[in-house]
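Trainee: Hi! Could we walk through this model together before I set anything up?
Mentor: Happy to, here it is.

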Amino acid sequence: MDSTASGAAPWHLWVVGVIALLFTAFGGYDYTMSQLGDRAYIEAAVGGMGIPVDAAVDYFSSFPLWLDFLWAVGVWGAVLGAVLLLLRKRMAYPIFVLSLAAFIATNVYGFANPIPGINDPTPTYIATAVVFSVMLGLTLYARAMAARGVLG
């Protein structure tokens, strides 16, 4: 039952919002550990792909400033979108759109310039597809909630 007519948000908004916040917060953690060059984290993230840790640390630290900026917009925009969704703010939708666009741009760069020494990029492709699907779903969900007047 949709309870938006009474001013209350539908139950699924809270479920989607909390899951979105947890999912995007992990992205924030990944971004932070990668930016800090945390060797243990990076080794755990890329170890199964046959990439030497030093190569991965060097790869992330060599990103041009514009790419770091887009990566930050993608990650922290997604976190902000999730928070705005939980706060029932209409801005959740355009923030998710911006985050998704930044995600796509950074991944185009990443696929064109893979980590040197990667033996099997399949895990990267799978992870990217999962994140893209979730972010697209959140963007469409926020659009639908805004259109229904749930987000003000």
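Mentor: One term before we start: a polar contact is a pair of N or O atoms within 3.5 Å, and within protein one atom must be able to donate a hydrogen and the other to accept it. Keep in mind too that this is a predicted model.
Trainee: Okay, so what does the side chain of T24 reach?
Mentor: The backbone oxygen of L21, at 3.3 Å. T24 itself belongs to helix α1.
Trainee: Is T24 buried or exposed?
Mentor: Buried, because its relative accessibility is 4% and the cut-off for buried is under 20%.
Trainee: And which residues does T24 touch, leaving out those up to four places away in sequence?
Mentor: A78, V79, A82 and M135. Two of those names come back with S99, a residue of helix α5: S99 touches A78 and M135, along with V73, G74 and G77, again not counting residues up to four places away.
Trainee: What does the side chain of S99 reach?
Mentor: The backbone oxygen of G74, at 2.5 Å. S99 has a relative accessible area of 2%, so this residue is buried.
Trainee: Let me zoom out. How many helices and strands are there?
Mentor: The chain has 6 helices and 0 strands, so reading from the N terminus you get α-α-α-α-α-α, since the elements are numbered in that direction.
Trainee: What are the spans of the C-alpha trace?
Mentor: About 55 × 25 × 25 Å along the principal axes. Of the 152 residues, 36% count as buried.
Trainee: What share of the contacts comes from residues 24 or more positions apart?
Mentor: Among contacts with a separation of 6 or more, they account for 74%.
Trainee: Changing topic: how many salt bridges turn up in the whole structure?
Mentor: The search finds 1. The partners are the side chains of R39 and D54, with N to O at 2.6 Å. R39 sits in helix α2 and D54 in helix α3, 15 residues apart, and the pair links distant parts of the chain.
Trainee: How accessible are R39 and D54?
Mentor: R39 has a relative accessible area of 43%, so it counts as partly exposed. D54 is partly exposed as well, because its value is 44%.
Trainee: Now pockets. What is the volume of the largest one?
Mentor: About 1200 Å³. Its lining has 38 residues, and D30, W71, N107, A127 and T128 lie nearest the centre. The elements giving two or more residues to that lining are α1, α2, α3, α4, α5 and α6.
Trainee: Which element gives the largest share of the lining?
Mentor: That would be α6, with 8 residues.
Trainee: And what is the lining like by class?
Mentor: There are 27 nonpolar, 10 polar and 1 charged residues.
Trainee: Last one: where is I115?
Mentor: In the loop between α5 and α6.
Trainee: A loop residue, then. Is I115 buried or exposed?
Mentor: Buried, because its relative accessible area is 12%.
Trainee: Which residues is I115 in contact with, beyond its neighbours within four places in sequence?
Mentor: V46, I51, A55, A56, Y59 and F60. For a sense of distance along the model, the C-alpha atoms of I115 and A9 are separated by 44 Å, and the two residues are 106 residues apart along the chain.
Trainee: Great, thanks for the tour!

Notes. Residues are numbered from 1 along each chain as its sequence is written. This is a predicted model: local features need pLDDT of at least 70, side-chain atom pairs count only at pLDDT 80 or more; totals for chains, interfaces and linings use all residues. Side-chain values use heavy atoms; hydrogens and water are left out. On a 1 Å grid over the protein atoms alone, a cavity is a set of points where a 1.4 Å probe fits but cannot get out, and a pocket is an open set with protein on both sides within 12 Å along at least five of seven lines; lining residues have an atom within 4 Å of a point. Grid points are joined across faces, edges and corners, and a volume is the space filled by probe spheres set on the points. Helices (H or I, at least four residues) and strands (E, at least two) are DSSP runs, numbered from the N terminus. Ala, Val, Leu, Ile, Met, Phe, Trp, Tyr, Cys and Pro count as nonpolar, Asp, Glu, Lys and Arg as charged, and the others, Gly among them, as polar. Buried means under 20% relative accessible area, exposed over 50%, partly exposed in between (1.4 Å probe, protein chains only). Contact means heavy atoms within 4.5 Å. A salt bridge is a side-chain nitrogen of Lys or Arg within 4 Å of a carboxyl oxygen of Asp or Glu.
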